[in-house]
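Reader: I should like to learn how to read the helices, strands and pockets of a model. May we take them one at a time?

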Amino acid sequence: MKFPFLSIIVFSPFVGAFLMLFMRRNPLLVRITASIFSGISLFFSIILFFLYDFKKGGFQFIEHIPLVKALGISYYLGADGISLSLLLLTGLIIFTGTFASWTIPFRSQEFYILLFVLVTGVFGVFASLDFFIFFLFYEIAVLPMYLLIGIWGSGADLKPKIPPNNFIQYIMRPIDTAMRNVTLGTKEYAAAKLTLYLLLGSAFILVGMLVLYFQGGNTFSYTELSTKYYPLELQRILFLTFYVGFGVLAGVFPLHTWSPDGHAAAPTAVSMLHAGVLMKLGAYGAMRWGWGLFPQGASDFSFLVGFIACINIVYGALSAMNQFDLKYIVAYSSVSHMGYVMLGLATLHEWGVNGAVFQMFSHGIMTGLLFALVGLVYEKSHTRDILKMGGFGKKMPGIATAFTIAGLTSLGLPGLSGFVAEVLVFIGAVKSGHFPFFLAAITGTFITAVYVLRFLKIIFYGPFDEKAWHDLSDAKGPEWVSLYILSFTLIIFGMFPFLLVKFIDSSVIEFLSKF
């Protein structure tokens with residue numbers, strides 16, 4: 001029997017959550033348990049990187065146990081270079097997120113239990129090769145978010161500066177108004193809005209999954225479904241179904257509006273997971289089941305997907321530039337950066353798709369670091385309004401340094417991982433003949449540079465008010481863990497991108513062979 005690497009990665013957080021059920025009166029023991037079991041998942045995610053044969057490529061570490069033979073449902077796990085990079089991303093984010101949540105002030109036991117159930121779902125999605133199991137893990141990953149935001153989220157006033165101004169928001173406005181009227185505070189509103197949007201996306205995925213099941217020979221197996229031929233019209237319909245269904249979670253315009261409110265209201269670790277991993281879960285689902293099974297449908301809609309991705313890039317960057325709430329700045333920047341992921345996929349070119357997957361990893365680490373830092377700044381200053389800040393670098397040099405590294409990654413400075421991802425997407429756009437998309441992506445990068453340098457200057461490098469901020473302090477104790485690990489990761493993969501690209505490329509070549 002092969003060693004069940006993937007099962008250990010997937011279910012370690014769940015075992016940890018189960019053990020925490022019996023630690024009601026010992027918050028420190030809960031935190032230590034959370035650190036150990038998130039560490040186990042991270043450790044085995046790293047081990048798989050050393051064991052994966054990238055020259056051979058394809059899915060490895062296969063675990064296949066039939067569950068319901070009559071319905072073609074199996075516990076079927078496997079990982080290729082694409083899913084390996086996302087398993088590593090999830091391992092890093094949850095391990096560092098555990099330390100970023102060290103100071104959760106109340107009900108830490110319930111918080112970590114829900115967080116680790118959520119993470120079990122995320123790991124399961126990236127490792128599943130059976131659509132039924134995939135969908136179960138997907139729902140497990142999405143639903144705890146409602147409680148995590150609703151109970152532990154921020155009750156501060158949320159102040160997005162961009163009013164609802166698109167068709168979807170116009171349609172959703174009556175629901176938005178109703179939720180604002182019946183909920184007790186902004187975090188409840190954000191949690192309810194996020195859940196409704198994601199359930200809408202799940203409905204699309206469920207319909208597509210059932211159609212695929214019956215059209216694909218009554219099986220949920222990805223490897224079997226990928227060998228079938230589907231008529232062109234069916235490919236177009238199912239591709240759009242999965243693009244919309246998963247696109248909601250990936251923050252595709254105009255279905256992204258749950259994202260900034262959700263990011264801003266969530267507690268620090270949930271924001272890290274939310275923007276760092278969950279949005280990638282949507283992009284990965286669309287890539288694996290939409291692009292992976294319906295190449296002709298994807299080709300027919302590549303221009304539309306690329307066009308919407310460019311709107312994501314420019315709209316998200318402009319919206320971020322217009323914000324003064326620190327969490328909203330990072331939240332809208334995530335909407336912009338996810339546009340690069342979808343643009344890379346739309347190119348259908350090796351460079352572009354490599355860039356899309358690299359961007360999933362890079363943005364996940366970068367935005368995880370940014371939300372960890374935003375949480376620290378808020379804990380120490382008790383404000384997210386950047387206009388009230390200034391010169392914080394004098395009191396918190398470590399936080400300022402990490403913030404600068406994350407910000408420079410966001411704007412694509414050479415030597416950091418964001419540069420590698422964006423350059424790969426740019427080259428993919430040009431080589432695939434989508435020069436207008438290249439120009440839009442460059443414009444987004446320029447706008448990103450403007451707002452990143454602006455908020456870095458305002459928060460950390462402006463004049464400092466000693467009287468107002470005399471009690472500010474730098475990171476301390478467990479808070480350094482996420483700052484060191486995530487900053488180091490951004491630099492390592494920026495300086496040595498081949499460490500990741502060789503794994504991704506081994507699977508991307510096979511992925512594109514169908515087009």
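**Reading pockets, a helix and a hairpin**

Author: Let us begin with a lining sorted by residue class: in this predicted model, the second largest pocket is lined by 11 nonpolar residues, one polar residue and one charged residue.

Reader: How much space lies in the second largest pocket, and which residues lie nearest its centre?

Author: The second largest pocket holds about 320 Å³ of space. Its lining comprises 13 residues, and those nearest the centre are Ile-46, Phe-49, Phe-50, Leu-88 and Phe-493.

Reader: Which elements supply at least two residues each to that lining?

Author: They are α2 (27–51), α3 (81–100), α20 (479–495) and α21 (498–512). The largest share, five residues, comes from α20.

Reader: What is the volume of the largest pocket, and which of its lining residues are the closest to its centre?

Author: The volume of the largest pocket is about 400 Å³. It is lined by 21 residues, and Trp-152, Pro-267, Thr-268, Tyr-378 and Glu-379 are the closest to its centre. Two or more lining residues come from each of α12 (268–291) and α16 (350–381), with α16 giving the largest share, four residues. By class, this lining contains 11 nonpolar, seven polar and three charged residues.

Reader: Turning to helices, what span should helix α5 have, given 1.5 Å a residue?

Author: The approach is to compare an expected span with the distance between the end C-alpha atoms. Helix α5 covers residues 131–142, and its 12 residues should span 16 Å; the end C-alpha atoms are 16 Å apart, so the two agree.

Reader: Why is α5 described as largely enclosed by the rest of the structure?

Author: A residue is called buried when its relative accessible area is under 20%. Nine of the 12 residues of α5 are buried, and therefore the helix is largely enclosed by the rest of the structure. The buried residues are Phe-131, Ile-133, Phe-134, Phe-135, Phe-137, Tyr-138, Glu-139, Ala-141 and Val-142.

Reader: Which contact is found at the start of α5?

Author: There, a side-chain oxygen of Asp-130 comes to within 2.9 Å of the backbone nitrogen of Phe-132.

Reader: Finally, in which sense do strands β1 and β2 pair, and over how many bridges?

Author: Strand β1 (residues 60–68) and strand β2 (residues 73–79) are paired in the antiparallel sense over six bridges. As one example, Glu-63 has Leu-77 in β2 as its bridge partner. Four residues lie between the strands of this hairpin, where Gly-72 adopts a positive phi near 70 degrees.

Notes:
Residues numbered from 1 in each chain as written. Predicted model: local features only at pLDDT ≥ 70, side-chain atom pairs only at ≥ 80, totals over all residues. Heavy atoms only, no water. Expected span 1.5 Å × (residues − 1). Buried < 20%, exposed > 50% of the residue type's maximum accessible area, 1.4 Å probe, protein only. Polar contact = N/O pair within 3.5 Å; in protein donor to acceptor, adjacent residues only side chain to side chain. 1 Å grid on protein atoms, 1.4 Å probe; cavity = no way out; pocket = protein on both sides within 12 Å on 5 of 7 lines; lining within 4 Å. Points joined across faces, edges and corners; volume = space filled by probe spheres on them. Nonpolar A, V, L, I, M, F, W, Y, C, P; charged D, E, K, R; others polar. Pairing = 2+ DSSP bridges.
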